[in-house]
Amino acid sequence: VSGYFDRVDQLAQEAARWSGRAPGIYFTLNPVKPALLARAKNCLKERPKNTTSDADVLRRRWLLVDFDPRRPAGISATDAEHQAALDRARLVRDQLASRGWPAPVEAGSGNGAHALYALDLPNNADVTELLKRCLQALDFAFSDAAVAVDTTTFNASRITKCYGTMTCKGDSTQERPHRLSGLLIVPPLLTHVPVDLLEALAAQLPRAAEPVRGQA
C-alpha cells in the first residue's frame with residue numbers, strides 16, 4: 001500500500017486509518033521529485049507497480065541512526081529490550097554531542113529508538129558512501145549483544161516509521177506488546193551536521209587489514 005502526499009493532513013488521516021492494521025506504517029525521510037505525486041495523489045493505493053527509488057530523491061535531509069534490540073525476527077521487543085535501545089540512543093547522542101554534533105530529533109520506533117540528524121547535502125554517490133561509513137563506524141563502536149545500530153539506513157529513499165502509528169510485529173502479548181511509535185524530543189532549532197563532522201566519524205571506522213604481500 002503506497003501513496004504520495006503534498007498535504008500533511010491527508011497523510012496523517014491515511015496513516016491513522018491503517019495504523020494497527022499492518023505490521024508498520026512508514027514514510028520516506030527525504031524529499032522526492034514532485035512528479036511522483038501523480039502516482040497516487042494524496043491517497044493510498046494497494047499493490048502499486050512503482051515505489052520510490054534512490055534516484056527519485058531530490059536532496060539528503062536526514063541521517064537516521066536506528067537502534068534495534070536484538071531478538072528473534074518478527075516479534076515485538078520486551079519493555080527491557082525497548083528501554084535498552086532508548087538508553088543506547090541517548091549514549092550515542094551524548095558521545096556525538098561531545099564531538100560537536102548538534103542535537104538530533106529523538107524518536108521511539110515502537111520496538112527500538114531513532115536519532116535523526118538534520119542534513120543539507122546533495123543526493124549523490126559520495127554522500128551515500130559517507131553516510132554508509134558513518135553508520136558502520138557507529139555500529140563498530142556501539143553495537144553489542146543487546147542492541148545493534150542498523151547499518152542499512154544510509155540509502156536516499158530510506159523509509160522509516162511514521163511516528164504516531166502502531167508497531168505491530170507478531171502478536172501483542174503481555175511480555176512483548178505492540179506499541180505506538182512517536183517523537184520523544186524535537187530540538188527547538190534544528191542544526192545541520194557539518195560535513196567535516198560526518199567525515200571525522202566515518203574516519204573512525206577501521207579499514208580492513210590489507211593482505212600481506214607474498215602470501216597466498
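The text below takes the core, the ring contacts and the cysteines in turn.

The model is predicted: local features need pLDDT of at least 70, side-chain atom pairs count only at pLDDT 80 or more, and totals for chains, interfaces and linings use all residues. Residues are numbered from 1 along each chain as its sequence is written, and side-chain values use heavy atoms, with hydrogens and water left out.

**Core.** A nonpolar core is a set of buried Ala, Val, Leu, Ile, Met, Phe, Trp, Tyr and Cys residues joined through side-chain atoms within 4.5 Å. Buried means under 20% relative accessible area, exposed over 50%, and partly exposed in between (1.4 Å probe, protein chains only). The largest such core has 30 residues, of which Leu63, Val65, Phe67, Trp101, Tyr117, Leu138 and Leu198 touch the most other members. Two or more residues each come from strand S2 (59-69), helix H2 (79-98), strand S4 (113-122), helix H3 (125-142), strand S5 (147-149) and helix H4 (195-202). H3 gives the largest share, 8 residues. Helices (H or I, at least four residues) and strands (E, at least two) are DSSP runs, numbered from the N terminus.

Leaving aside residues up to four places away in sequence, Tyr117 has contacts (heavy atoms within 4.5 Å) with Arg61, Trp62, Leu63, Val65, Arg93, Leu96, Trp101, Pro102, Pro104 and Val193.

**Rings.** The whole structure has 2 aromatic pairs. Rings of Phe, Tyr and Trp (its six-membered ring) pair if their centres lie within 6.5 Å; planes under 30 degrees apart count as stacked, over 60 as edge-to-face and the rest as tilted.

| Pair | Centre distance | Plane angle | Class |
|---|---|---|---|
| Phe27 and Tyr163 | 6.4 Å | 80° | edge-to-face |
| Trp101 and Tyr117 | 5.1 Å | 85° | edge-to-face |

Phe27 lies in strand S1 (residues 26-28) and Tyr163 in the loop between strand S6 (159-161) and strand S7 (166-167), 136 residues apart. Phe27 is partly exposed at 29% relative accessibility, whereas Tyr163 is buried at 18%. Trp101 is in the loop between H2 and strand S3 (105-108) and Tyr117 is in S4, so this pair ties together parts 16 residues apart in sequence. Trp101 is buried at 6%, and Tyr117 is buried at 2%.

**Cysteines.** The structure holds 0 disulfides (pairs of cysteine sulfur atoms within 2.5 Å). For Cys43, the nearest cysteine sulfur is that of Cys162, 16 Å away. The sulfur of Cys162 is 13 Å from its closest cysteine sulfur, in Cys168, which is too far for a bond. Cys43 is partly exposed at 25% relative accessibility, and Cys162 is buried at 10%.
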